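Thanks for coming. I will go through one model today, starting with a single residue and ending at the ligands.

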Amino acid sequence: MNKFLNNFDKIKFFFNGKECSIFIGFDLFKIKNFFEKFKEKDQVVIITNQRLYDLYYQEIRKSILTITNRVDKIIVSDGEKNKSLKTVIYVLNFLKKRRYSKNIVLVALGGGLIGDLTGFISSIYLRGTYFVQIPTSLLAQIDSSIGGKNAINYKDAKNMVGSFYHPNLILINLSFLNTVSDRQFQSGMTEAIKYGIAMDYSFFCWLENNYKKILFREKETIKYLVYYCCKIKSEIISQDPEENQNKRVLLNLGHTFAHAIESKLNFSDVLYHGETVSIGIVTSLKVANLINKFSKKNTNRIISLLKKFSLPLFLSKEMSYEDYLFFIQYDKKRIRRNQIDLVLPVEIGKSSLYRNVDRNIVIRAINSKIKNF
Ligand SMILES: NC(=O)c1ccc[n+]([C@@H]2O[C@H](COP(=O)([O-])OP(=O)(O)OC[C@H]3O[C@@H](n4cnc5c(N)ncnc54)[C@H](O)[C@@H]3O)[C@@H](O)[C@H]2O)c1
Ligand SMILES: [Zn+2]
């Protein structure tokens, strides 16, 4: 194994006083055994889906078996529709049947869906278990596995039921990205672009300058990309763990519109989360242009970067503004029932939360087309 591969990065931080370490590297589970803490635990339960079970379960199980032989698994169905109460109940029944104690480790092996689901169950099963994230998609490795936001969709409301519960440990094996499809990978890139627009101009420029290497999945570039995003997110969430200080909230850029689209599409995976966020960002650019004169030049720069990753800018089938406004009513950022609160860019690398945005401006932005920018 060469020096580069035999190397991992570590980020340590605190979330509301709870310590968490992130380890990042290629072939992570071949370099070191990260499961020593599991020795003290009653049981390890890995939650995953069939695809990821087939791809990676044995590799992880083998590594855990050197520490403890008490390893179990739960396979849940793939697809955003299954980030649901029904799946939570299925898993709770499984844990109850086996009479597992509170002293267990729940391991999320999967993308953002498995991570959100497992985190939520970890937070409620016997009022909280040890929780480990092994994110497998790009989106989960750079965003959703960090920060302790766990939620499931409830009926037509995205992420309505959830908790803040941070993982104790996050293990990012970059080699897992080898099996992620191009479309999924590009969808994950939206969250990286989001960090750049919302809070980090130089990172935005780095993305512009390195998009070819990223698309080619050049190893050093991917390692830097994931490491840097984890660094940004862990710093923000340790400063503002539960979104009370107008810092973490900025990471919701584009998400108000994105969640409305996902609800309208019935969580059907016609569009992936990163793709709806891309459309949401483009709509936010238009609102920002109308509210704070966000420049056309910067708008074009952002759109051009989204295009480099083949991300959609608009819905191929129109969604009426009435539908948007209906689902925006579920948005968690609101502090009043009927108001619209949006995170909008002020310039590239700087954004702000705007409360009670004028409804007519939002409608104009929804109805606008790219040529009107
Ligand atoms: N908690 C948070 O802070 C946060 C942040 C962003 C997004 N999210 C949530 O994350 C979810 C989206 O996450 P996602 O994009 O990872 O989607 P996902 O978890 O649905 O995964 C997408 C698809 O890729 C497959 N997959 C994952 N890793 C793979 C691998 N290594 N090889 C092959 N296939 C693989 C999955 O099986 C699935 O079919 C949404 O539910 C979103 O709401 C949460
Ligand atoms: Zn997101």
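Where does Gln133 lie? Gln133 is in strand S6, residues 130-135; helices (H or I, at least four residues) and strands (E, at least two) are DSSP runs, numbered from the N terminus.

Before going on, the conventions. This is a predicted model, where local features need pLDDT of at least 70, side-chain atom pairs count only at pLDDT 80 or more, and totals for chains, interfaces and linings use all residues. Residues are numbered from 1 along each chain as its sequence is written, chains are lettered from A and ligands numbered from 1 in the order in which they are written, and side-chain values use heavy atoms, with hydrogens and water left out.

Back to Gln133. Its relative accessibility is 3%, so Gln133 counts as buried. Buried means under 20% relative accessible area, exposed over 50%, and partly exposed in between, with a 1.4 Å probe and protein chains only. Leaving out residues up to four places away in sequence, Gln133 touches several residues, including Ala108, Gly115, Ser144 and Leu171; contact means heavy atoms within 4.5 Å.

Next, ligand 1. There are 27 residues around ligand 1, and Asp78, Glu80, Thr136, Ser137 and Thr179 come nearest; a residue counts as near if one of its heavy atoms lies within 4 Å. Now the polar contacts, meaning pairs of N or O atoms within 3.5 Å. A polar side-chain atom of Lys83 is 2.9 Å from an oxygen atom of ligand 1. For Asp116, a polar side-chain atom lies 2.9 Å from a nitrogen atom of ligand 1. On its own, ligand 1 has 870 Å² of accessible area, and the protein covers 91% of that, by the Shrake-Rupley method with a 1.4 Å probe. Helix H2 (50-65), helix H4 (112-124), helix H5 (138-144), strand S8 (157-164) and H6 each give two or more residues to the shell. H2 gives the most, with four residues.

Then the zinc ion, ligand 2. Which protein donors does the zinc ion have? They are Glu191 (OE), His255 (NE2) and His273 (NE2), lying 2.0 to 2.2 Å from the zinc ion. Donors here are N, O and S atoms within 2.8 Å of the metal (3.2 Å for Na, K and Ca), and water is not among the atoms, so sites may look incomplete. Glu191 lies in helix H6 (residues 182-199) and His273 in helix H10 (residues 273-292), so this pair ties together parts that are 82 residues apart in sequence. Glu191 counts as buried because its relative accessibility is 2%.

Technical notes. A polar contact is a pair of N or O atoms within 3.5 Å; within protein, one must be able to donate a hydrogen and the other to accept it, and residues adjacent in sequence count only if both atoms are side-chain atoms.
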